[in-house]
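Visitor: I am new to reading protein structures, and I would like to go through this one slowly. Could you take my questions one at a time?

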Amino acid sequence: MPNIKLQSSDNEIFDVDVEIAKCSVTIKTMLEDLGMDDDEEEVVPLPNVNSAILKKVIQWATFHKDDPPLPEDDENKEKRTDDISSWDADFLKVDQGTLFELILAANYLDIKGLLDVTCKTVANMIKGKTPEEIRKTFNIKNDFTAAEEEQVRKENEWCEEK
Amino acid sequence: MLERSRMSDSPEMDTPAEEEISDINESVLRQSTEILATTTRQSPQIDDLTETQEDNIRQSPEMNEPKSESPEIKQTTQESPEINIMSMFESLAVNALTTIGNPGTNVEVKGEHPSMPKKIKRSEFTPSECSDFSDEFPIPPQRSKKKDRTIEKLPDKVLLNIFSYLSHRAICRMATVCKRWRMVAYDTKLWTHVSLRPEISGLHVGSLESLLALISIRFGPSLRYIELPIELITHTVLHELASKCPNLTHMLLDFSTAMQLHDFSEMQAFPTKLRYLCICLSEVIFMEGFMRKIYNFINGLEILHLIGTYEKVEEEEEEIYEVINVHKLKSATPNLRVINLYGINFVDDSHIDAFSSNCIQLECLAVNYCNKVTGSTMKTLFQRSRRLTCLLMNGCSLQSEYVMQVEWEKSSIQELDVTATDLSSECLIDMLTRIPNLRFLSAGQINGFNDSVLKAWIEAGTARNLVALDVDASDNLTDEALHRFLSRHGSQLWGLVMSGMPHITDQLWQSVLQLLTNAKILIMGTQERLGVNIHVDQLMDGIANSCPNLERLELRWDPENLRFSDKSQKAIDILRVKCLKLKCLVLSDGRYYEIVKANFERADRTTVVRTSTNCRVSNYYLLSNYKDLIFN
């Protein structure tokens with residue numbers, strides 16, 4: 001099985017099966033553009049992903065390498081968040097910072113499955129919380145003035161419980 | 001002035017990754033420009049606020065007193081009678097302005113105060129950053145490095161992805177968290193599938209005017225799917241949808257609570273691209289006044305749902321009204337592939353005949369709980385519908401003689417639901433041995449489904465393609481017969497339901513589990529009180545070791561019948577760790593449920609474990625038309 005070398009932003013090299021690496025559309029495109037050559041020691045630089053995160057991404061991709069391709073969710077009426085598998089749930093039991101780094105890596109590397117499951121995880125963190133609780137959880141500053149806040153609240157009155 | 005500054009900002013927003021959002025923002029801006037132009041004309045005092053950034057700063061000391069706000073607002077409220085529309089338009093306009101990111105254009109209308117002065121005062125926001133702001137927007141990370149707000153590192157597109165998993169009610173709540181979240185919450189991409197039925201989505205549109213505004217601004221060309229409750233089904237709304245939402249392909253109209261039909265005599269337009277239409281019928285309101293206006297627009301329909309009042313009716317109705325004219329409807333919809341007539345008290349064999357006569361593309365027909373259907377037109381149905389692969393007749397009053405007349409060998413049928421239809425053993429044997437490619441069978445609650453049926457079915461070899469079997473409450477199937485069947489066919493099954501039978505205990509399950517290696521869906525147990533105890537720990541162990549592909553599991557045994565020990569946590573843990581694809585675990589409420597829930601909670605899997613009051617598992621997930629058949 002041919003391998004490919006992935007280089008993290010902190011210059012660590014990871015030897016990865018090329019089929020697993022290709023779950024990343026970004027890497028797949030890079031390889032196609034460069035031309036696949038088994039003899040050469042191809043090193044794919046990934047300046048936006050550090051070694052700790054890249055290691056986790058590779059771990060995820062390895063576990064999910066035999067997953068069927070994700071369906072087009074054009075007709076998707078309802079997006080579920082309760083279909084995160086046990087393995088993924090355990091994999092994502094990390095601190096917020098790591099979770100967001102994983103999201104950024106999945107976004108940059110264009111790995112839909114990982115991006116979706118990490119976004120679902122964040123959505124689950126948001127569900128059921130009041131705006132103030134969300135601000136606390138994610139350390140977000142409320143940049144509305146009192147007047148603006150009242151206005152936004154009014155805009156969304158139709159969404160509230162009657 | 002406003003428009004000029006806005007125009008100069010828009011090119012800067014076209015950063016490669018965020019093109020889509022900026023496109024949406026641009027169209028929102030364009031629309032809000034028109035709206036703002038209107039409001040500007042009406043409220044002359046706004047012109048003072050619309051000047052330059054510097055002007056805003058100058059005005060800020062006066063503006064900052066909250067007390068001075070109220071008289072102005074009150075004034076303008078009195079001026080404008082249609083405050084609902086206006087406040088929505090204005091807020092959208094302000095929203096649009098904030099998306100540019102240039103504080104100078106952050107203008108409030110109707111006397112409210114610009115936020116810009118507050119921004120200037122904050123330590124992180126220096127005047128030199130003003131010009132950079134619009135460059136960086138919508139990529140905030142550089143701006144918020146100082147306070148290490150990690151969620152702010154995420155680009156808007158990703159935030160949009162996260163929000164897409166939230167209900168619309170939650171999204172509206174998110175809009176109040178901060179300005180960026182408000183912008184993302186209003187992105188039309190989140191509003192492609194909208195239900196305006198309060199009992200479903202929690203959204204109450206207050207007035208028709210606000211709905212029209214929403215359609216035009218929030219939904220627009222992104223809208224694909226909409227659900228309307230009776231009070232919002234008017235010709236004005238439908239006209240607006242037809243003109244503003246050209247990509248609308250799915251619509252649900254809920255007439256079920258109607259007291260009377262609105263007047264549709266003036267309706268001239270209706271969405272023309274519909275492929276999916278679901279109509280929730282009322283018991284007493286005749287639909288012809290509405291239907292005759294839309295027949296000309298719906299010939300592209302591929303999926304039709306007519307939802308009857310089966311679930312709402314408590315006792316037998318004396319008068320049954322044929323509230324919709326199926327014969328006219330079928331002529332208007334020749335392209336139907338999927339027809340779902342659910343729980344409609346007047347539907348009978350003639351209606352099945354009507355549809356089969358005109359809908360030659362028919363692939364899936366469901367008449368669940370239409371208890372007047374006897375099957376007398378089934379033979380012709382199959383003769384005409386060469387593509388029919390799925391037929392669901394749960395709770396129909398099927399007569400065995402009619403079912404046996406069908407030319408099963410020539411049919412393409414793969415999925416069949418005859419639950420609670422009281423077919424005879426002779427009929428079942430006849431049917432099952434003649435259907436060559438049956439993949440899905442639901443035949444629960446049939447007294448005639450006994451051991452001889454299973455035996456004949458095995459011997460004919462026609463169960464070779466079976467992937468889903470539901471024999472819920474089949475009182476006349478013994479565990480030996482089931483064991484024999486599963487020894488032969490268990491390993492090919494993805495879904496197996498052997499619930500509702502007191503004599504089928506963990507003993508049978510334990511003996512067949514190692515065969516059920518491909519099981520995705522398992523339903524076991526019965527709510528009836530048993531004389532024996534179910535050793536649920538061993539069961540969990542068995543499932544964990546044999547069924548790695550398990551996605552949905554339901555245990556229906558009454559909590560009193562379950563025997564579990566202190567070591568139960570370990571068994572549950574093994575299940576959780578080995579069945580990595582498990583999405584749903586349903587148990588009866590009780591101590592065991594609490595233990596399982598606690599175990600899964602420790603793994604942050606709170607939503608996997610549910611009680612049977614808020615979730616049922618079913619083999620229906622395995623139907624090939626499952627997505628098309630979902631309604632309500």
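Visitor: How far apart are the end C-alpha atoms of helix H3 (residues 51–63) of chain A?
Guide: Please keep in mind that this is a predicted model. Helix H3 of chain A has 13 residues, and at 1.5 Å a residue they should span 18 Å. The expected span counts one less than the number of residues. The computed separation of the end C-alpha atoms agrees with that expectation, as it is 18 Å.

Visitor: Which helices of chain A do the buried residues of H3(A) pack against?
Guide: Buried here means under 20% relative accessible area, and in H3(A) the buried residues are Ser51(A), Ile53(A), Leu54(A), Lys56(A), Val57(A), Ile58(A), Trp60(A) and Ala61(A). An α-helix has 3.6 residues a turn, so residues three or four places apart point the same way. The buried residues of H3(A) pack against strand S1 (3–7) and strand S2 (13–17), and also against the helices H1 (18–21), H4 (86–91), H5 (96–109) and H6 (112–126).

Visitor: What share of the contacts in chain B with a separation of 6 or more comes from residues 24 or more positions apart?
Guide: Chain B has 28 helices and 18 strands, and of its 632 residues 58% count as buried. Among the contacts in chain B with a separation of 6 or more, the share that comes from residues 24 or more positions apart is 79%.

Visitor: Is Phe286(B) buried, partly exposed or exposed?
Guide: Phe286(B) is found in the loop between strand S4 (276–280) and helix H16 (288–294) of chain B. Together with Val284(B) and Tyr321(B), Phe286(B) forms a nonpolar patch on the surface, with about 280 Å² of accessible area. Buried means under 20% relative accessible area and exposed means over 50%. The value for Phe286(B) is 46%, and therefore Phe286(B) is partly exposed.

Notes. Residues are numbered from 1 along each chain as its sequence is written. Chains are lettered from A and ligands numbered from 1 in the order in which they are written. This is a predicted model: local features need pLDDT of at least 70, side-chain atom pairs count only at pLDDT 80 or more; totals for chains, interfaces and linings use all residues. Side-chain values use heavy atoms; hydrogens and water are left out. Patches are made of residues with over 30% relative accessible area and no salt bridge: like charges are joined within 9 Å, nonpolar side chains (Val, Leu, Ile, Met, Phe, Trp, Tyr) within 5 Å. Accessible areas come from the Shrake-Rupley method with a 1.4 Å probe; for residues, only the protein chains shown count as cover. A salt bridge is a side-chain nitrogen of Lys or Arg within 4 Å of a carboxyl oxygen of Asp or Glu. Helices (H or I, at least four residues) and strands (E, at least two) are DSSP runs, numbered from the N terminus. Buried means under 20% relative accessible area, exposed over 50%, partly exposed in between (1.4 Å probe, protein chains only). Contact means heavy atoms within 4.5 Å.
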